[in-house]
Amino acid sequence: MAIDSSSVLSDPTAGRGSAPPVPDPAPARLTGRAKLVLLVLCAAQFMVALDFSILNVALPVLGRDLGMGQSDLQWAVTAFALPSGGFLLFFGRVADLYGRRRLFLTGLALFTVASLLAALAWNPAVFLAGRAAQGLGAAVIVPTGMSLLTTTFAEGPQRERALGISGTLMSLGFTIGMVLGGGMTDALGWRSTMGLLAVAGVLVLAAAPALLTESRHPRRPRLDVPGAVAVTGGLLGVIYALSTAAERGFGGTDVIVTLVGGALLLVLFAVVESRAAEPLVSLPMLRRPTVAWGNLAGLTTFAMMSSVIFLLTLYLQEVLELSSLVTGLVFGVQGVLSAVAGAVAPKVIGRFGARRTLVGSMLIQAVLTAVMVALGEDATAGAWLAMAAVSLASVAHLWVIVSYGVIATSGLPDHEQGLATGLVTSSQQIGMTVGIPLLSALASAHIASLRDGGADFAAATLGGVRLGIGVDAAVLALIALAVGLSLRGRRGRG
């Protein structure tokens, strides 16, 4: 018997006679125009996710071409990650107040011009400026695109289907970016990766104005400037510290100062929001179990999946010494299964409910990740095990993405959708940003200790990869259990 997924998305006061009845869900079938709107919004999300990873395998070539030293290459990634993660909540709220469509188009234009600038860069400073502007454009596109999606598609089957497609493309973009980056760099040079993003931006920008309609908060409350400064500064500090620690470890003065400073600013942000007349983030909303625990699950699944892909790339190329083409084929299988998983996710949620899908899928992702601790130095066995385990884990990962998006954005009025989707997309982007640096630093430290103990390069690298994968699986399992216990007993059987 099908279970209505909206039953797990109710207000915490449900059952006490204060919650309004849940309306009948809209039919899942989309009109032709709705499909085009969804295509434009998902294309923009895919483009941003692609940008997050497409340069990873091109960094050595890029560094030689622009004269960037090995220690400076991290800034090609960090320059994008800082603004893309740091400004998400701010622009999500600005879009609520001043128009989501208007801001979405502005972000698209900025991202497109910035991609062209990065493709044509003639020195490191110009390239990094382009990357930073790309990140700022992404910080506008992601929350505004998601809030346009959730206000366009009615709560219920329509929104579940739209979120399923969007989540699939978001995850696929990160994976495909790694595959495309290597192939395009070998064939056309690293500049082609940035050129591809510029072309994609032009295409989306050409189609969006005719399809998207404006939406905003019904009134215009004051923007919470102190809260915006605190949360943006806090996120920038934490993301900078974690990104830098992946390269140099956690002992550097700048890492410690920015990490502590960022954490203090986030604490200050909570204090400011508790006293603000019109806060940037509604603390009562964050106290809703569905919002808080749903976003924690989302942050965790993105952080751990992006981390395991990074660790597997290290394993396949450094331990097994496989080519970039073979490595790409391993992740290509993952991409195909992810697409299938996203397509069937709404049916899974409809059958089991959003909460059960979320918790069960996180546990499956954890188990399949743990299986990869058995990876060894045999190339054939290792490649097949890595491909099978990460591909199946990605199926569960996609179901987590869709179910947590449904849980964290449903049951809220339209004027709060920008904030809710800003939280959802912040979880995604921050997860991808902090997961790799954290587990990379952990794996690197273990590799160094094994090398100091006399292990050869391959054996030490394998040891570091296994440790990172083990921690990855443990974090997934612990958060899944915490989410399951915290959301247990919500209204309905989901």
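Reply: The model is a predicted one. Of the 494 residues in the protein chain, 55% count as buried.

Me: Why are phenylalanine 127 and tryptophan 190 called an aromatic pair, and which kind of pair is it?

Reply: Ring centres must lie within 6.5 Å, and planes over 60 degrees apart count as edge-to-face. The rings of phenylalanine 127 and tryptophan 190 are 5.4 Å centre to centre, with 85 degrees between the planes, so they form an edge-to-face pair. A search of the whole structure finds one aromatic pair.

Me: Which parts of the chain does the pair tie together?

Reply: Phenylalanine 127 lies in helix H6 (residues 124-152), and tryptophan 190 lies in the loop between helix H7 (157-188) and helix H8 (191-211). The pair therefore ties together parts that are 63 residues apart in sequence.

Me: What makes a set of residues a nonpolar core, and which residues touch the most other members of the largest one?

Reply: The members are buried nonpolar residues joined through side-chain atoms within 4.5 Å. The largest nonpolar core has 72 residues, and Phe104, Leu108, Phe127, Ile141, Met194, Leu358 and Met362 touch the most other members. Helix H1 (residues 32-53) gives the most to this core, with eleven residues. A second, separate core has 25 residues, including Tyr315, Phe331, Ala386 and Ala393.

Me: Which residues does isoleucine 141 touch?

Reply: Not counting residues up to four places away in sequence, isoleucine 141 touches Ala44, Gln45, Met47, Val48, Phe104, Gly107, Leu108 and Phe111.

Me: How do you know that the span of helix H5 agrees with its number of residues?

Reply: Helix H5 (residues 100-120) has 21 residues, and at 1.5 Å a residue these should span 30 Å. The end C-alpha atoms of helix H5 are 30 Å apart, which agrees. The buried residues of H5 include Leu103, Phe104, Gly107, Leu108 and Phe111.

Me: What is the reason that residues three or four places apart in an α-helix point the same way?

Reply: An α-helix has 3.6 residues a turn, so residues three or four places apart point the same way.

Me: Why is serine 361 called buried?

Reply: The relative accessible area of serine 361 is 4%, and the cut-off for buried is under 20%, so serine 361 is buried. Serine 361 lies in helix H14 (residues 354-371). Leaving aside its neighbours within four places in sequence, serine 361 is in contact with Arg356, Ala396, Trp399 and Val400.

Me: Why is alanine 206 called exposed?

Reply: Exposed means over 50%, and alanine 206 has 62% relative accessibility, so alanine 206 counts as exposed. Alanine 206 lies in helix H8. The C-alpha atoms of alanine 206 and valine 40 are separated by 9.9 Å, while the two residues are 166 residues apart along the chain.

Me: Why is serine 444 called partly exposed?

Reply: Serine 444 has 36% relative accessibility, so serine 444 counts as partly exposed. Serine 444 lies in helix H16 (residues 417-452). From C-alpha to C-alpha, serine 444 and glycine 464 are 6.4 Å apart in space, and they are 20 residues apart in sequence.

Me: What makes arginine 351 count as a charge over the ring of phenylalanine 352?

Reply: The distance to the ring centre must be within 6 Å. Arginine 351 lies over the face of phenylalanine 352, at 5.1 Å from the ring centre.

Note on methods: Residues are numbered from 1 along each chain as its sequence is written. This is a predicted model: local features need pLDDT of at least 70, side-chain atom pairs count only at pLDDT 80 or more; totals for chains, interfaces and linings use all residues. Side-chain values use heavy atoms; hydrogens and water are left out. Buried means under 20% relative accessible area, exposed over 50%, partly exposed in between (1.4 Å probe, protein chains only). Helices (H or I, at least four residues) and strands (E, at least two) are DSSP runs, numbered from the N terminus. Contact means heavy atoms within 4.5 Å. Rings of Phe, Tyr and Trp (its six-membered ring) pair if their centres lie within 6.5 Å; planes under 30 degrees apart count as stacked, over 60 as edge-to-face and the rest as tilted. A charge sits over a ring if NZ of Lys or CZ of Arg is within 6 Å of the ring centre and within 35 degrees of the ring normal. The expected span of a helix is 1.5 Å times one less than its number of residues.
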